[in-house]
Amino acid sequence: MRMAPRSVEAPSDPALTPSARTVLARRYLRRDARGDPAETPAQLFERVAAAVAAAEAGLPGGDPDAWRPRFAARLRALELLPNSPTLMNAGRPDGQLAACFVLPVEDSLARIFDAVKHAALIHQTGGGTGFAFSRLRAHGDAVGDSAGVASGPVAFMKVIDAATEAIRQGGARRGANMGILRVDHPDVLAFVEAKSRPGVLENFNLSVAVTDAFMAALAAGGTYALVSPRNGDGAEVGRLPAREVWERIAAAAWASGEPGLVFIDRINADNPTGHEAAIESTNPCGELPLPPFDSCNLGSIALPRFLRRGAPADGTLGAARAALDWERLGEAVREAVRFLDDVIEANTFPLPEIAATTRRNRRIGLGPMGWAELLMRAGLPYDSEEAVLLGAEVAAFFQREARAASRALAAERGPFPAYAGSRWEREGVGPLRNATLLTVAPTGTISVIAGTTSGIEPLFALALTRHVLDGAALPETFPFFEEVARREGFSTPALLAEVQRRGTCRGLAVPPRFQRLFAVAREIAPEWHLRHQATWQRFVDNAVSKTVNLPADATPADVARIYALAYEWSCKGITVYRDQSRPGQVLEAGLPTDD
């Protein structure tokens, strides 16, 4: 079934916030020889739409002239935004459009430095890289027949970190890496505490790949085997008490926010192309588990833009359902799948191995942003059963519409080449054009452009300072709170000034139901963070990027409990961040003062 584009109206120039305009000018707009912006935001979106739609010319049933205005309208309306490399590079000489890559790290010096070189090439184009270091022999292990000993995974992570520091991505942003080590690697404790000192591995996010066997040992109060990767035979080289390792992980995450966890056996059980390659790592933010040399293109739909104007927001699930324009949202999901599939064709890949694997699997990652804003506009507190139930309905809708679009593209263009023998063939889901379709990305920068909240995260603060762009501090407020405060009659200059200073309305002269509706991330119990994550994960074939924000007075035991619940509730990974646990955090509650 071929999707027929229809005309749609969208503003010729997008309605952008001051922060969005600043971010676009500094990081995304084309520049002239003097370094000044050489295009407007509307022209940027036209450039991206034209470059992506041009791929239609080489595809069965393709129609670039029909889809270019359609894609441009979605982008200008800020209903759909692709990942940053697509916005930066589409229609420009570089042409590298993917956000996420995973590179293999083999146990030889030559292969390790191949990974360093490949990462540098990717970072230069705006992409982020994930690595699994579990194949590297442990620190102090013998090296061949020489008298030398291995440096271990952490030492080589520092090499990649230094190379990343030296490369500024596309002149616009620094590189980002994910480092993953299996919990049964002999160097696991050194890895867990690798970022215990400030300034170490600053270009890495770290996660421990936790196995089901480890979790079973933890539940039983026993020990588990450490396995040397040196000979590849799975030989046991020691044992550790699972409880001790678990507590060390929780204590490190309490102190610095790292490491997170990825539940690697669960990820591989869900891997649609496991018949071809196992998954060892994820992208830097954890939402894209990928096999070696694979990549993924991300796109996010701004959910608040699909609320019907004037719909009642009485805090009931029924009213929230009625407020969503499901027909228009479904159309956006289907068009976004086509857009992202076209991005694969339009992409200039940094390595031939990545091109081959990407085209064989054709993974895409479409997801939501603005979830917390949608809930607030519908009158549903984030920490409510109704919010979780609505999340399940919206996520299931995304899955249904995305699969329908991918099936239609498979009928038109053919399924992804690795479909034969895939999980989807075995389960009768396809044929699909794409091995994966949905993810929940953090949408940090693109949600700023869209003027909404990030991913499925709660609102970080009602007023905040965003530290980005080489030291720039962007003040941001959440206008909807002020709108409600005026409408409900509790707005005063003194109240708004205090909200801007503190970033929250808790404990102020605000009716209790609005204090709950406008709760910020650190005021929401961890269980509610996790329930939203677990709900979306049920319908997402990649993973969910979600951080459980904790107040400064949280304890290591709180972190351990959250990590355990994430495993129990079938999440694929988990990250926490305790307020003020790191110097120089990106988001600070409250606006800057003159003090």
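This is a predicted model: local features need pLDDT of at least 70, side-chain atom pairs count only at pLDDT 80 or more; totals for chains, interfaces and linings use all residues.

**Exercise 1. At what angle do helix 8 and helix 9 pack, and which residues meet?**

Solution. 
- Start by finding helix 8 at residues 212-220 and helix 9 at residues 242-256.
- Next, look at the axes: they are 8 Å apart, and the packing angle is about 105 degrees.
- Angles of 65 to 115 degrees count as roughly perpendicular, so helix 8 is roughly perpendicular to helix 9.
- Now list the partners: Phe214, Met215, Ala217 and Leu218 of helix 8 meet Ala242, Arg243, Val245 and Trp246 of helix 9.
- Finally, sort the residues of this contact: 7 are nonpolar, none is polar and 1 is charged.

**Exercise 2. How do helix 2 and helix 3 cross, left-handed or right-handed, and what kinds of residue form their contact?**

Solution. 
- Helix 2 covers residues 41-53, and helix 3 covers residues 64-76.
- Their axes come within 8 Å and cross at roughly 145 degrees.
- The crossing of helix 2 and helix 3 is right-handed.
- On the helix 2 side, the residues in contact include Phe45, Glu46 and Val48; on the helix 3 side, Trp67, Arg68 and Phe71 are among them.
- Sorting the whole contact of helix 2 with helix 3 gives 12 nonpolar residues, no polar ones and 3 charged ones.

**Exercise 3. Arg362 and Arg363 lie in the loop between helix 13 and strand 14. Are they buried or exposed?**

Solution. 
- Recall the cut-off: buried means under 20% relative accessible area.
- Arg363 has a relative accessible area of 1%, so Arg363 is buried.
- Arg362 has a value of 3%, so Arg362 is buried too.
- Look at the side chain of Arg363: a polar contact of 3.5 Å joins it to the side chain of Asn271.
- Check the backbone of Arg362: phi is positive, about 50 degrees, although this residue is not a glycine.

Terms used: Residues are numbered from 1 along each chain as its sequence is written. Side-chain values use heavy atoms; hydrogens and water are left out. Axes are lines fitted to C-alpha atoms, for helices over the stretch in contact, and angles run from 0 to 180 degrees between N-to-C directions. Helices (H or I, at least four residues) and strands (E, at least two) are DSSP runs, numbered from the N terminus. Angles under 35 degrees count as roughly parallel, over 145 as roughly antiparallel, 65 to 115 as roughly perpendicular and the rest as oblique. Contact means heavy atoms within 4.5 Å. Ala, Val, Leu, Ile, Met, Phe, Trp, Tyr, Cys and Pro count as nonpolar, Asp, Glu, Lys and Arg as charged, and the others, Gly among them, as polar. A crossing is left-handed if the near helix is turned anticlockwise from the far one by less than a right angle, and right-handed if clockwise. Buried means under 20% relative accessible area, exposed over 50%, partly exposed in between (1.4 Å probe, protein chains only). A polar contact is a pair of N or O atoms within 3.5 Å; within protein, one must be able to donate a hydrogen and the other to accept it, and residues adjacent in sequence count only if both atoms are side-chain atoms.
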